[in-house]
Amino acid sequence: MEAKPVLIVDDEKNIRLTLSRALEALALETATAVNGEEALSRIREKDFGLVLLDLKMPGMDGMEVLRRLREARPDIKVIIITAHGTIESAVEAMKLGAVDFMQKPFAPKEIRELVRKVLSRDALVAEKAGDYGSHVELAKRAIANRQFDAAQEHVRQAIAADATKPEAFNLLGVLLEMAGNRLEAQKNYRAALALAPGYKPAEENLGRTVGGKGGGFRLGKSEHPPEDEA
Amino acid sequence: MARDLFIVIVGCGRLGSHLANRLSRAGHSVVAVDSDESAFGSLSPEYSGFRVEGDATELAVLKQAKADKADLVIVATRDDNVNLMVAQVAKAAFAVPRVVARVFDPKREAVYRHLGVETVCPTAVAAESFLQIASDAASKEGSS
């Protein structure tokens with residue numbers, strides 16, 4: 001994985017050690033800081049891609065570091081480290097722009113999975129941002145191949161690229177319905193119809209889930225030939 | 001280092017703290033659990049793991065220690081019955097791949113084994129060591 005270095009900010013030595021050890025296996029370069037002030041000066045010195053940030057620290061706390069980081073370097077991703085039972089502050093931090101959080105204690109595997117997930121999310125956005133049509137097509141293909149996680153990701157990105165078209169909402173509805181979440185699915189079919197009244201696939205999907213009629217899922221016509229799938 | 005394991009140690013007394021110190025120094029990620037906070041005083045300054053204060057017979061405490069993510073759970077409180085119970089919960093509720101409990105009473109070992117819990121019995125281990133020494137001494141006596 002080609003990635004920028006990771007900065008670990010925690011006042012507790014054991015956390016810094018556990019985290020840097022766990023990330024060694026990902027071949028990521030790591031650096032540590034013991035408080036908020038040190039963290040900010042490190043960030044000025046070096047181009048970090050990700051910061052693992054403890055909220056509770058003496059002196060400048062993690063929330064303040066996060067606030068300043070958002071202003072100075074909104075491109076740097078932040079994962080929050082929280083103690084058990086302090087979800088509220090983690091949620092607060094997510095509102096401020098942290099991408100995710102993890103609760104102490106953590107297993108090395110858990111840390112690696114989260115960091116990998118956050119970094120690969122980054123790579124995906126960079127590679128294929130903005131191309132609504134190909135995301136919709138890739139999502140359909142993924143659904144056809146029963147790769148639902150991949151499909152979900154493509155749908156999410158299609159919506160992020162253009163939230164005014166019905167196809168992606170219809171596909172999201174299909175995915176939710178397949179997962180057994182009928183009510184949420186209907187909401188998305190209706191959203192698709194609200195954007196484009198008379199959009200056939202959504203109309204049929206909605207009709208089927210409401211009326212209990214049979215029939216397969218409607219993914220919509222392939223209008224945009226997909227680009228390279230890899 | 002072969003592989004860094006995530007190890008939960010329940011009971012941070014003489015045995016528990018010793019294991020926690022050694023395993024942490026060996027590079028594993030360790031969580032020590034004890035209902036008495038002062039027990040963590042036996043952890044060495046180099047111990048780089050976590051501390052969770054609470055009664056491990058409560059499901060929430062094991063969850064807090066992330067037993068569900070553990071590769072290995074070692075149960076070493078001073079009470080055989082507690083050890084058996086916690087070990088069973090770790091196995092059944094959290095599907096931990098490997099669970100080992102200390103049991104003082106050798107008579108109980110068979111029961112534990114029947115319930116699928118791996119055990120270490122200090123009495124049996126000590127007895128083996130003593131018997132080994134006795135048999136070494138006897139063979140020396142015989143050869144001279």
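Reader: In chain A, where is confidence lowest and where is it highest?

Author: This is a predicted model, in which local features need pLDDT of at least 70 and side-chain atom pairs count only at pLDDT 80 or more, whereas totals for chains, interfaces and linings use all residues. Residues are numbered from 1 along each chain as its sequence is written, while chains are lettered from A and ligands numbered from 1 in the order in which they are written. In chain A, helix α5 (residues 108-128) has the lowest confidence, a mean of 76, and strand β1 (residues 6-9) has the highest, 96. These values are pLDDT, the predictor's confidence in each residue, from 0 to 100. Over residues 226-230 of chain A the pLDDT is below 50. Where pLDDT is low, the predicted coordinates should not be read in detail.

Reader: Why does K66(B) count as buried?

Author: A residue is buried if 20 or more other C-beta atoms, placed from the backbone, lie within 10 Å of its own, exposed if 12 or fewer, and partly exposed in between. K66(B) has 22 C-beta neighbours inside 10 Å, and therefore counts as buried. K66(B) lies in the loop between α2 (59-64) and β4 of chain B, and its phi is near 60 degrees, a positive value in a residue other than glycine.

Reader: What makes A95(B) count as buried or exposed?

Author: A95(B) has 10 C-beta neighbours inside 10 Å, so A95(B) counts as exposed. The loop between α3 (80-92) and β5 of chain B holds A95(B), whose phi, near 50 degrees, is positive although the residue is not glycine.

Reader: How do you know that β5 and β6 of chain B pair?

Author: Two strands pair if DSSP finds at least two bridges between them. Strand β5 (residues 98-102) of chain B and β6(B) have three bridges, in the parallel sense, so they pair. V100(B) has E118(B) in β6(B) as its bridge partner.

Reader: Which strands of the sheet in chain B stand at the edges, and why is one side of each left without a neighbour?

Author: The open sheet has six strands in the order β3-β2-β1-β4-β5-β6 (chain B), with parallel pairing. At the edges stand β3 and β6 (118-120) of chain B; each has a single partner strand, so one side of each has no neighbour in the sheet. From one strand to the next, the twist averages 20 degrees.

Technical notes:
Helices (H or I, at least four residues) and strands (E, at least two) are DSSP runs, numbered from the N terminus. Axes are lines fitted to C-alpha atoms, for helices over the stretch in contact, and angles run from 0 to 180 degrees between N-to-C directions. Two residues are in contact if their C-beta atoms, placed from the backbone, lie within 7 Å.
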